[in-house]
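Let's take a walk through this model, starting with its rings and ending with its loops. Keep the viewer open as you read.

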Amino acid sequence: MKKKYLAAAALLAALALTPTMNSFAASGWTSENGNWVYYDNDGNRHKGWIQTKDGYYYMDTASGVMLKGFKKIDGKWYYFSSDGLMQTGWIKDEGKWYYCLEDGVLVQENWLKVGENYFFMRGTGELAVGWRNMSGSWYYFKADGRCAFKWMKIGNDWFWMGTDGKMKTGWQQVEGIYYYFGQDGKMKTGWLSDGTNRYYMDPESGKMVHNWKQINNAWMFFDANGHMMTGWIHVNDHYYYLGTDGKMVSNTTLTLNGVSYTFDGNGAYTGNESVPATEVSLYKEPKQEAETASSDTKSGASNGKKGLPSDKTTGPGVKKNN
């Protein structure tokens, strides 16, 4: 009887100890109901940030479940991959590009400099592409998000974005040569007028034309300011006469104010006496680099932007420099 009592007491003692021993689960990662959780040494689910040798994870502060995708933490957005790791650099999510700094914070409504290229990340953090108006100025971001600088061809039209990335309008002097851009930023070619003077912009390059130019089989002269000349002009020791339409008279005799003047096949006046004429000299066009509106599209780097984070990471579609 005594032996049976002792055996029963031992069994009860063992049963009493069993819950206490099982109340402490193993610490570390555990998959539960398809979600990952992390148990601390005290047996409780970890909540908040976890730093491991692989990087940072974030466990939901309510459930302790490992987070994936975008998550707003303390007022800042972060992105966690499908395996829960906090991401930095370029991120592609549902076909859209985003960028997280080295501390994991998503760049939003701000400029971003990556290598030598500038990007703009929208309020949602999404990479901006195409036209964007900011602080009253238009910028253009290429298909890979790079901000366009200097010459940019969009469709069949040329634009001058300057060295600050802002679309320019009106008269613009580029390396000493004048071009004209409409209010929509498109480079103009052909005839222009400011109400007083007429100008001719080269149909191919858009450059302001100077000196002699044959237009629709007629020779015309444009001075150093690009103004179309009319009347008598004196160029290289020769006199020429240009009608009110700017066309040079040639191979004919013309009566002006009762006086007859004869012009040879090159348009030069054949008489020996001087006539009242505007003295003009041939304009020497400044040398330019290969980068013009008729050359390949190029973009430059813009300096002076404040608050732009710098990183050597390449973005979507941007080739690494060797």
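The structure holds 39 aromatic pairs. The rings that count are those of Phe, Tyr and Trp (its six-membered ring), and they pair if their centres lie within 6.5 Å; planes under 30 degrees apart make a pair stacked, over 60 edge-to-face, and the rest tilted. One of the pairs is Y58 with F80, a tilted one with 6.5 Å centre to centre and 35° between the planes. This pair links distant parts of the chain: Y58 sits in strand β4 (residues 55-59) and F80 in strand β6, 22 residues apart. Strands here (E, at least two residues), like helices (H or I, at least four), are DSSP runs numbered from the N terminus. Y58 counts as buried because its relative accessibility is 9%, and F80 is buried too, at 1%. As for the cut-offs, buried means under 20% relative accessible area, exposed means over 50%, and partly exposed is in between (1.4 Å probe, protein chains only).

Now compare W171 and Y178: their ring centres are 6.4 Å apart and their planes at 85°, so this pair is edge-to-face. W171 is partly exposed with a relative accessible area of 32%, and Y178 is partly exposed at 35%. Rings also gather into groups: W111, Y118, F120, Y139, F141 and F149 form one aromatic cluster. For a charge on a ring, look at R198, whose charged end sits over the ring of W191, 4.0 Å from its centre. The test for that is NZ of Lys or CZ of Arg within 6 Å of the ring centre and within 35 degrees of the ring normal.

Before going on, a word on what you're looking at: this is a predicted model, where local features need pLDDT of at least 70 and side-chain atom pairs count only at pLDDT 80 or more, while totals for chains, interfaces and linings use all residues. Residues are numbered from 1 along each chain as its sequence is written, and side-chain values use heavy atoms, with hydrogens and water left out.

On to the backbone. Most residues other than glycine have a negative phi. D74 has a positive phi of about 50° although it is not a glycine. You'll find D74 in the loop between β5 (69-73) and β6 (76-80), and it counts as exposed because its relative accessibility is 76%. S135 also has a positive phi, near 55°. Its place is the loop between β11 (130-134) and β12 (137-141), and S135 is exposed at 83%.

Is a loop residue such as E126 buried or exposed? E126 lies in the loop between β10 (117-121) and β11, yet it counts as buried, at 18% relative accessibility. Leaving aside neighbours within four places in sequence, E126 is in contact (heavy atoms within 4.5 Å) with K96, W97, Y98, F120 and M121.

N266, in the loop between β24 (259-263) and β25 (278-279), is exposed with a relative accessible area of 62%. Beyond its neighbours within four places in sequence, N266 touches Y240 and M248 in the contact sense.

What about the cysteines? C100 is buried at 1% relative accessibility and C147 at 2%. The structure holds 0 disulfides (pairs of cysteine sulfur atoms within 2.5 Å).
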